[in-house]
Structure formats: structure tokens, C-alpha cells
Amino acid sequence: MTDLGNSGNKSDNQAYSLTDNALVQLVDVSFSRGNRKIFNGMSLDIPRAKVTAILGGSGTGKTTLLNLIGGRLKPASGKVIVDGLSVPDLSTRELYALRKRMGLLFQSGALLTDLNVFENVAFPVREHTKLSESLIHHLVLLKLQMVGLRGARELMPSELSGGMARRVALARAIVLDPMMIMYDEPFAGLDPISMGITVKLIKELNHALGITSIIVTHDVDEAVTIADYMYLIGEGRVIAHGSAEEMKNSSSDEVRQFMDGLPDGPVAFHYPADDYRTDLMGVDQ
Amino acid sequence: MKFLIKFLLSLGEWGIARITRLGRGSQFLFETLTHVGQSLVRFRLVYHQIYSVGVLTLLIIMVSGLFVGMVLGLQGYYTLSDFGAESSLGLLVALSLTRELGPVVAALLFAGRAGSALTAEIGLMKATEQLAGMEMMAVNPLERVIAPRFLAGLISMPLLAAIFTALGVWGGHIVGVGLIGVDEGLFWSRMQGGVDFYDDILNGFIKSLVFGFIVTWIAVFEGYDCVPTSEGVSRATTRTVVNSSLAILGLDFILTSLMFGEI
């Protein structure tokens, strides 16, 4: 693992000790799907009240990482600790209590298709509190105003664009004021304007409300703009980590290939296969 | 020999897969049943599902019931008139419907209309991460989505079977009395005299309750357990209709044997 934070000049982001200030800790986590090892001794810390980006190519297990933190998956070995609680060891009741304090923003938004925008945002409030209708109304409009969609409250999810759906999902994720939000590919498939809005919203939520943010993405430019700290994962482990500046200036081949989008490098362009010539000759035979 | 071993291996794999799935389905049923109490407390959710599962199935049930009754009236009259027993037409129509056709045909139609819709809806909720989203919002999908639908199916099915039977009797009356000219007094009096509340109506009700339970269980389980892709949802929907229909017919034989038979 390349610890860029320790190798270069220390930026403001390295002023804190990650372990002491970590809201989420993964310690030596291993996880497999069938015979395929997704993580093999993965360790990382997510600092409180900061924006942390987890970068990695497709299929490197970024979404799996969020599912492990959210307790939707259990690791084969290792520890997943969120706010001092060992997630895999929690009972269902304890896990649900923890989840009330965290939000996961799915790539698709995962809005309930039979409810309109207002009811989607009100959903967690109605499920977990006994607030009066007028309070729910105020709370939902407040959150919809934050994401700029107060005027869209009557629309159904099918009437929303991809970017709008994600903003509604974001309003829903913050409606109970969680301590942490996990974003699964928040920039994927967005037009430049929606992308700008999403970047702005994540920044604002982090700075204004002090919400810890974990962004799983492969969009390097946006991640660099927004993240206080970055991890690059691949081959089941952390390849490198450091501040955005350190990642940008890294001389590591693996980091350079990802940050510059090089088609070939430590991550080979070709999927492992037999010798090309032998393969072609095999057809004739 | 090699072929035989391969065959036995695949048979074993198939068997283990089926038993595993049955175990998963039973565990799912148990977990669902533990949440039924909460659904009763939040009956608004069940009420909405009764509309989707029951009310929207009403049209096909009513039309089918009416036509099945009309055909029974016609066929029954031709057969009974050979023995000069056409006055028992009302009894024949009523017994056929309350004991067998009402619960069975209504359940088959229920599986095709409501069961497939339930599976497709839950499967699509899974495919579009709505169920996962609920889990992450600390809302248990079994409590919020599955249990209300299960309860709605259980409540709707006997009511639909009763409506099917009532419409069938009316259809038999239209053909027998209205078109063919069987005496109306005899039609109703023989029916009243021959149909027993406990042996016929209550047993028919129990059948429809059992069918409602089994169809809704299969439908919600297939949706919840499906592979979250368009092909997976499509396969699950097909499985719901096929498995439910087979379960209805198989269980009907067992229940009939227990209720009316000497076996």
C-alpha cells in the first residue's frame, strides 16, 4: 500500500490522526463472492466530518465496501467498526438503530416508485417517528429546498430525470440528520449541470451539517474537487491513500494509471487470456 | 457407468437445490408470519394491498364465475334430464361451486392475476434496489412490504371465492331457470335442502383460505428471492403461476380426501 500522506508534505488533511478520529474503520477485512476474492486483508479508516473518496475501477468492490459498512454484507474475516460498534456482530435491532444514523445513496436513487417525491422524503420520518403532519410537512420541504426540488414535491419518481432522482434520494437520506452518508457512484451518468449540482450539494452537506461523507466513485476529477481524503482500491486491497493533492502528484504507477486514465499499466488492458497467436491458430486446428 | 454417475450427481444436485429452496421459503414464511402482527396494527398498509390484490382481481373473478355457472347449468341440465332429475339442477350447481369449482378456479385465477402481479412488483422493487434502500433506512421490507401483501392475499382469496361461487349460482339460475325453464321454486328449494353449511360451505371456505395462503406465500417468496434482473423477474413470475397452480390442484385433492373422502 502506498501511504501518500506519510511520504509527501503533510497537508491539512493529515493533521488529524485517522485512527483516533475515524468514524469507520475496516481492519484486515476479507470478503469473497463464490471463488472470487473481492477483499483480501483490506484496512482503511474514514475520518469524521470529512469527505472521503474511495476510488477504484469497475468491479474492484467499491459498492461491496459500502454494503459491508452498512451491514448488508458480512466479512469472511476482519473487523468493520462504525462509530465504535462492530457492525457484523450487531443484532438486527442494533443494526437498524445504527442505520437510522447513516444514509446510503444508491446509484439509481432507489426511490419508492409508488410514492411521490414528498412521500418518498417523508418515508423514513413516518416510519421512525411520530411527528405531527405539520412538522413532517415542514421537515420535508426544508430538505427538498436544500436539494432545490421543493417545487417537484408532487412529481412521481417516473417523472424525474436521473439527476433529480438522486437529489430526492439525497433529501431522503438526510431527512433524519444522519451522522454519515455513503454515496454510491453519485456522479455516474449525470450531465455536467447535474454533476455540478451534486458536487455542490455534497460539499454543502459536509460543511454545513458536518456529515461524514464516503463517496465511492471512479470519476477522478469530481473526487479530487470534493474529497478531503482519498483511497484507491484494487486487487482486494488499498493501493494508495492520501489527500487529493497528494494523489494527484503521486509518482506511483498504479495511482498514475488511474488518475490519468491510462489504458495500460499495472492494471493490464487485456483480460488474462492464453497467448494470442496460439488462440488464433487454435481456430484453424 | 460414467453416464449413470453423472445422472445421479445431477439428480442429487437438483434435489439439494430444491430442498434448500424449500428451506429458504419456509424460513421466509416464518419471518413473514412474525411481522403479520405489526401489519394488523398498521392496517392501512393491508387495506391498500387488499385493493391491489383483491379488488383489481374482482372483474376476472366475477366474469369467470358467471360463465362457469352458466356452463354448469347447461351441462347439468342435459345430464340430469336424462334421468328426469332436472329439478336438482340448483343443487348440482351449488354443490359443484361451493365444494370444488369456487375455491379451485378462483384460486387459479387469483394465482394468474394477483400472484403474478405480486411477484413482479416485489421482484422489480428488488431489481431497482427499493428493498435494499428500505433496509438501509432501517425499515424491514418483510414488515413494510411483504407482511401486508401476505395478509391481503389471505383475506382476499376467500372473499373472491365466495363472490365467484355466488356469481356462478346466479349464472346457473340464468341458464337453468331463465333460458331452459326449470322450475324456480324447485331450483332454490333443492339447493337449500341439499347444501350443508358445515360440510359444503365451511369446507369450501377452508379450501379457499388454504389456497390463498399457499398462493400468496409462493408469490411473495418468488418476488423476494428472485434474481434481480429482468430475466430473473420474468422467470420468478412464471414460477409463481406454475407452482401455485400445481400446489392448488395437489392440495385440493388432499383437502377433498380429508373433508369428503373415505381415504
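**Notebook: aromatic pairs and the A–B interface**

I began with rings: B:Phe28, B:Phe221 and B:Tyr224 are linked into a cluster by ring pairs. I paired rings of Phe, Tyr and Trp (its six-membered ring) with centres within 6.5 Å; planes under 30 degrees apart are stacked, over 60 edge-to-face, the rest tilted.

The model is predicted, so I kept to its limits: local features need pLDDT of at least 70, side-chain atom pairs count only at pLDDT 80 or more, and totals for chains, interfaces and linings use all residues. Residues are numbered from 1 along each chain as its sequence is written, chains are lettered from A in the order in which they are written, and side-chain values use heavy atoms, without hydrogens and water.

I count eight aromatic pairs over all chains. A:Tyr229 and A:Tyr231 pair edge-to-face, at 5.5 Å centre to centre and 70 degrees between the planes. Both are buried (under 20% relative accessible area; exposed is over 50%, partly exposed in between; 1.4 Å probe, protein chains only). B:Phe197 and B:Tyr198 are edge-to-face because their centres lie 5.3 Å apart and their planes stand at 80 degrees. B:Phe197 is partly exposed at 46%; B:Tyr198 is exposed at 55%.

Next I looked at the interface. I find 16 residues of chain B in contact with 20 residues of chain A (heavy atoms within 4.5 Å). Three salt bridges cross between chain B and chain A (a side-chain nitrogen of Lys or Arg within 4 Å of a carboxyl oxygen of Asp or Glu). I noted A:Glu127 with B:Arg42, the closest N and O atoms 2.8 Å apart.
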